[in-house]
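Please look over the sequence and the model first, then read the points below.

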Amino acid sequence: MKYIIQSDKVGKIGDEFIPDDGINIGALLEGGFISTATETKSSKVKSEPKE
Amino acid sequence: MATSTYLSNLTTLTVNAVSLVDQATNVVFTNTKEQLEATAFGDTSRKYTAGLFNNECTMTLYQSYATSETYATLAALVGTTTNVVASITDGAVTKTFTLTGCYLEALPVINASLGELSTVDITFTGGVYSVA
């Protein structure tokens, strides 16, 4: 799971948050300090193979 | 003469990776190794030996219910374990004290007195102590 910083109290907003051992991720998510990164899919449509 | 007057010497205070240094007015970080009695018959004085570490960090924070402040940081930590980090800078020396996996038993959610800034006193207990 990848986390993104949402508060400057944790780090630079927009950067990935890499938790140290012992960090309570649930509390950070609940407090809005970080969010889970949503993976964006490529808009490219796979074309059918040419025969 | 050795003195430590705290003005801006506390350079870092994080609870669960969230910086609370701008809300803190007091921090006490205590490294404790429990004292176990080892006195036996025949001894004329009490003797003690070291037991387990039982560390503690207490702090006083201004209460703030605003986004990303005191309440938002601590509310979900009650009854769980987390990390607390405090750094002190004294001249060219910086010491960073860490409690890893310490437990927050209680959080005063309202501490209201007429005409005063609200503060909360919290205590983290246990955890592994380290200094760097």
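Which residue is the bridge partner of B:Leu104 in β9(B)? The partner is B:Phe124. The model is predicted, and it scores ipTM 0.84 and pTM 0.86. For chain B the mean pLDDT is 93, with 95% of the residues at 70 or more.

- Strand β9 of chain B covers residues 119-125, and its side chains alternate.
- One face of β9(B) takes B:Val120, B:Ile122 and B:Phe124, which are buried.
- Strand β6 of chain B, residues 56-62, pairs with β9(B) in the antiparallel sense, and seven bridges join the two.
- Opposite B:Phe124 of β9(B) stands B:Cys57.
- β8(B) also pairs with β9(B) in the antiparallel sense, over two bridges.
- Apart from neighbours within four places in sequence, the contacts of B:Phe124 are B:Glu56, B:Cys57, B:Val84, B:Leu99, B:Cys102, B:Tyr103 and B:Leu104.

**The largest nonpolar core**

- The largest nonpolar core holds 30 residues.
- The members that touch the most other members are A:Val10, B:Val18, B:Cys57, B:Val84, B:Ala86, B:Leu99 and B:Phe124.
- Two or more residues of this core come from each of α1 (25-30) of chain A and β1 (10-15), β6, β7, β8 and β9 of chain B.
- β8(B) gives the largest share of this core, four residues.

**Where the chains meet**

- In the contact between the chains, 16 residues of chain B meet 16 residues of chain A.
- On the side of chain B that touches chain A, the elements giving two or more residues are β2 (18-19), α1 (70-74), β7 (80-90) and β8 (93-104) of chain B.
- The largest share of that side, four residues, is from β7(B).
- By type, the residues on that side of chain B are five nonpolar, 11 polar and no charged.

**Chain A**

- Chain A has one helix and three strands, and from the N terminus on the order of its elements is β-β-α-β.
- Chain A is 51 residues long, and 24% of these count as buried.
- Of the contacts in chain A between residues at least 6 apart in sequence, 47% join residues at least 24 apart.
- The three strands form an open sheet in the order β2-β1-β3 (chain A), and the pairing is antiparallel.
- β2 (16-17) and β3 (34-36) of chain A are the edge strands, each pairing on one side only.
- Strand β1 of chain A, residues 3-5, pairs with β3(A) in the antiparallel sense over three bridges.
- A:Tyr3 has A:Thr36 of β3(A) as its bridge partner.

**Strands β4 and β5 of chain B**

- Strand β4 of chain B, residues 33-37, is hardly covered, and the count of buried residues among its five residues is zero.
- β4(B) runs antiparallel to strand β5 (residues 48-53) of chain B, and four bridges join them.
- B:Gln35 is placed opposite B:Ala50 of β5(B).
- Strands of a sheet pair through backbone hydrogen bonds, either parallel or antiparallel.

**Two loop residues of chain B**

- B:Asn54 is in the loop between β5 and β6 of chain B.
- B:Asn54 is partly exposed because 14 other C-beta atoms lie within 10 Å.
- Not counting residues up to four places away in sequence, B:Asn54 touches B:Thr32, B:Glu34 and B:Gly126.
- B:Asn54 and B:Thr44 are 10 residues apart in sequence, and their C-alpha to C-alpha separation in space is 29 Å.
- B:Ala66 is in the loop between β6 and α1 of chain B.
- Is B:Ala66 buried or exposed? B:Ala66 is exposed, because it has 8 other C-beta atoms within 10 Å.
- From B:Ala66 to B:Glu56 the separation is 10 residues in sequence and 27 Å in space, C-alpha to C-alpha.

Technical notes. Residues are numbered from 1 along each chain as its sequence is written. Chains are lettered from A and ligands numbered from 1 in the order in which they are written. This is a predicted model: local features need pLDDT of at least 70, side-chain atom pairs count only at pLDDT 80 or more; totals for chains, interfaces and linings use all residues. A residue is buried if 20 or more other C-beta atoms lie within 10 Å of its own, exposed if 12 or fewer, and partly exposed in between; C-beta atoms are placed from the backbone. Two residues are in contact if their C-beta atoms, placed from the backbone, lie within 7 Å. Ala, Val, Leu, Ile, Met, Phe, Trp, Tyr, Cys and Pro count as nonpolar, Asp, Glu, Lys and Arg as charged, and the others, Gly among them, as polar. Two strands pair if DSSP finds at least two bridges between them. A nonpolar core is a set of buried Ala, Val, Leu, Ile, Met, Phe, Trp, Tyr and Cys residues joined through C-beta atoms within 7 Å. pLDDT is the predictor's confidence in each residue, from 0 to 100.
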